[in-house]
Amino acid sequence: MYIPCRASRTAIAPRTGRARIAAAALASAVAVVAGTGCAGFEYQEDICSAGEYPALSVGATGSVCVSSKEAPPAGFVKYPQGKVPQQVDDKWDLYWDTHTLDEDGKVIDVPGTN
């Protein structure tokens with residue numbers, strides 16, 4: 001099999017005109033995306049779907065999503081007003097990982113988490 005020693009001139013010719021502009025534009029776009037880390041496009045998952053609300057387990061961590069038309073199931077209560085988690089890992093979602101409500105509705109530390 002014959003292997004040429006030199007590449008053809010067309011294979012090593014520099015880019016000209018439109019190809020050079022397109023390559024520069026693509027490189028610039030990649031640099032912008034890499035530099036910003038896609039800032040502003042962060043995805044946050046909701047705790048519950050539309051038409052539902054989260055209910056807190058009494059005496060332990062954990063929650064369930066309940067239809068807005070229903071009361072919480074036995075062993076669960078609505079979160080205190082103003083302390084309801086909206087998205088996964090938001091301020092209140094993290095807070096309720098180490099706190100809960102007792103049978104009297106008082107906020108308490110979850111045993112073994114602090």
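**Aromatic pairs**

I counted the aromatic pairs and got 3. My rule was that rings of Phe, Tyr and Trp (its six-membered ring) pair if their centres lie within 6.5 Å, with planes under 30 degrees apart called stacked, over 60 edge-to-face and the rest tilted. The model is predicted, so I took local features only at pLDDT of at least 70 and side-chain atom pairs only at pLDDT 80 or more, while totals for chains, interfaces and linings use all residues. I number residues from 1 along each chain as its sequence is written, and side-chain values use heavy atoms, with hydrogens and water left out.

I looked up Tyr-79 and Trp-96 and found an edge-to-face pair, 5.5 Å centre to centre with 65° between the planes. This pair links distant parts of the chain, 17 residues apart: Tyr-79 is in the loop between E3 and helix H3 (91–95), and Trp-96 is in the loop between H3 and strand E4 (99–101). For these labels I used DSSP runs numbered from the N terminus, helices being H or I with at least four residues and strands E with at least two. Tyr-79 and Trp-96 are both buried; I took buried as under 20% relative accessible area, exposed as over 50% and partly exposed as in between, with a 1.4 Å probe and protein chains only.

Next I checked Trp-92 and Tyr-95, whose ring centres are 5.2 Å apart with the planes at 80°, so this pair is edge-to-face. They are 3 residues apart in helix H3, which puts about one helical turn between them. Tyr-95 is partly exposed, at 24% relative accessibility. Ring pairs join Tyr-79, Trp-92, Tyr-95 and Trp-96 into a cluster.

**Core and contacts**

I listed the largest nonpolar core: it has 5 residues, namely Leu-56, Tyr-79, Trp-92, Trp-96 and Leu-101. A core here is a set of buried Ala, Val, Leu, Ile, Met, Phe, Trp, Tyr and Cys residues joined through side-chain atoms within 4.5 Å. For Tyr-79 I left aside neighbours within four places in sequence and noted contacts with Pro-54, Ala-55, Leu-56, Ser-63, Val-84, Pro-85 and Trp-96; contact means heavy atoms within 4.5 Å.

**Sheet**

I traced an open sheet of 3 strands in the order E2-E1-E3, paired antiparallel. Two strands pair if DSSP finds at least two bridges between them. E2 (63–67) and E3 (76–78) are at the edges with a single partner strand each, so one side of each has no neighbour in the sheet. E1 (residues 52–57) pairs with E2 over 5 bridges, and Glu-52 has Ser-67 as its bridge partner in E2. In the hairpin of E1 and E2, with 5 residues between the strands, I noted a positive phi near 80° at Gly-59.

On the other pairing, E1 and E3 share 3 bridges in the antiparallel sense, and Ala-55 is bridged to Lys-78 in E3. The charged end of Lys-78 also sits over the ring of Tyr-53, 5.0 Å from its centre; the rule asks for NZ of Lys or CZ of Arg within 6 Å of the ring centre and within 35 degrees of the ring normal.

How many residues of E1 are buried? I found 5 of its 6. Ser-57 lies in E1 and is buried, at 13% relative accessible area. Apart from neighbours within four places in sequence, Ser-57 contacts Gly-62, Gly-75, Phe-76 and Thr-100.
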